[in-house]
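Dear colleague,

Please find below the structure that I am handing over to you. My notes on its surface patches and strand pairing follow.

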Amino acid sequence: MNIHSRPSAITMLASLISVLFVPQAQAEQDNLLEAITEGNVSFSARMRYESVEQDNALKDADALTLRTTLGYKTGAFHGFSGFIEFEDVSEIGSDNFNSTTNDETEYSVVADPDSTEVNQAYLSYNGFDTEVKIGRQEITYRDAPFHRFIGNVLWRQNHQSFDALSFSNTSLPDTKISYAYLNKVHTIFGHDRDAAAIFVKDGDVDMNSHLFNIQYSGLPIGSLEGYSYLLDYSDAPDDNKFSTETYGLRLSGVQAVNETTKLIYSAEYATQDDFADGEMDRQDYYLFELGGKYKGWLAKVSYEMLEGDGTDSFQTRLGTNHAFQGWADQFLATPDVGLEDLFFTVTGSVFGAKLVVVYHDFETDKGSLDAGNELDILLEKTFKEHYTLGVKYADYNADKEYASLVDTEKFWVYGQVKF
């Protein structure tokens with residue numbers, strides 16, 4: 001037999017490799033292509049009219065804006081996937097309002113400036129009870145709208161997102177451990193604002209911040225949450241009150257009284273001090289809530305205190321602050337004298353629409369000055385999962401005892417489609 005007609009050991013080995021590995025590599029290549037091309041497209045559009053009337057020299061504002069998003073999430077490939085979301089906010093018609101970027105400063109503010117940007121773009125990994133994301137992303141640690149400290153500010157047309165590395169793990173029973181490193185925050189004011197102006201109002205801001213959050217749901221009386229938020233603003237001015245460290249603990253629960261009635265309650269405490277190059281004296285935060293649920297209706301009374309001594313005050317700069325201290329947005333930043341808020345909330349359903357009514361009574365921490373009161377009302381209905389219509393109203397009545405604010409009335413009508 002001719003030796004050249006017999007397969008050599010190298011040829012046999014190459015054939016074995018091609019049989020064992022090439023189909024697998026080809027399959028992985030096919031799966032990667034499928035993961036990239038057979039993902040899910042998401043789309044949303046929200047048109048909103050907002051009016052603002054204030055008892056001051058500013059002209060009344062009327063704003064009609066449209067927010068649209070287009071996103072794409074790939075399928076999973078060995079636990080890895082990607083997501084990208086584009087966001088556009090556009091003024092419709094005349095700009096009879098101060099968007100914070102359009103130079104219409106004679107009008108009251110409606111903080112929905114024109115902006116087109118990448119709202120989110122991240123690579124994620126899911127496996128071993130762990131999720132890791134790197135890139136631009138929205139970060140929250142509680143269900144909406146309770147994003148008190150870290151939020152995406154869903155109410156405004158331009159959402160807040162972060163350039164970050166985030167991590168969460170659920171390996172321990174009834175426990176979720178989360179961490180995030182923030183390199184930049186993209187605020188609701190858009191990237192067109194000068195970064196040096198963040199400490200007035202601005203868009204993109206460099207950070208060197210760390211977020212720690214642990215949630216445990218195994219207690220018979222409710223869920224326990226502990227957190228530490230270490231915020232280091234790289235662009236802060238010399239008198240930096242923005243870089244802070246916050247440590248807190250929250251307990252919340254629901255207990256059945258009978259088949260139709262449930263008791264709800266929450267208690268939270270946090271303390272805040274300066275961090276990195278920050279300069280502030282320590283201030284504390286308290287929250288107590290008690291209420292009940294009955295046949296689809298909820299009623300509760302809440303007390304929230306953000307301390308202030310006249311120079312420094314407890315702040316929640318990365319939170320969805322529109323959801324707190326009234327929808328008229330008079331206290332998005334805590335006054336230096338602090339703020340005490342006693343408020344009553346009723347939610348339910350009317351003809352299939354969601355109804356929310358909230359009444360706030362405000363007082364300053366330092367000096368116990370009357371800081372006004374506010375009535376908020378929301379009526380919203382979702383049709384066939386994808387379509388939402390809503391109206392919303394806020395009426396803030398200032399008090400001359402605390403004279404830095406004025407009577408403010410806001411009204412919204414909006415419609416949204418989301419797929």
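Strands here are DSSP runs of E with at least two residues, numbered from the N terminus. The model is a predicted one.

In that numbering, Val41 belongs to strand β1. Val41 is exposed, its relative accessible area being 58%. This residue is also part of a nonpolar surface patch, which it forms with Phe43, Leu70, Ile84, Phe86, Phe383, Tyr387, Leu389 and Phe419. Together these residues have about 850 Å² of accessible area. Two or more residues of the nonpolar patch come from each of β1 (40-54), β3 (80-91) and β17 (387-397).

Asp62 is partly exposed, with 34% relative accessible area.

Turning to strand pairing, strand β10 (residues 244-256) is antiparallel to strand β9 (residues 222-231), and nine bridges join the two. Among the paired positions, Gly226 has Leu249 in β10 as its bridge partner. β10 also pairs with strand β11 (residues 261-274), again in the antiparallel sense, over 13 bridges. Here Leu251 stands opposite Ala267 of β11. The two strands β10 and β11 make up a hairpin, with four residues between them.

With kind regards

Note on methods: Residues numbered from 1 in each chain as written. Predicted model: local features only at pLDDT ≥ 70, side-chain atom pairs only at ≥ 80, totals over all residues. Heavy atoms only, no water. Buried < 20%, exposed > 50% of the residue type's maximum accessible area, 1.4 Å probe, protein only. Patch = residues over 30% accessible without salt bridge, like charges linked within 9 Å, V, L, I, M, F, W, Y side chains within 5 Å. Areas by Shrake-Rupley, 256 points an atom, 1.4 Å probe, with all protein chains shown as cover. Salt bridge = Lys/Arg side-chain N within 4 Å of Asp/Glu carboxyl O. Pairing = 2+ DSSP bridges.
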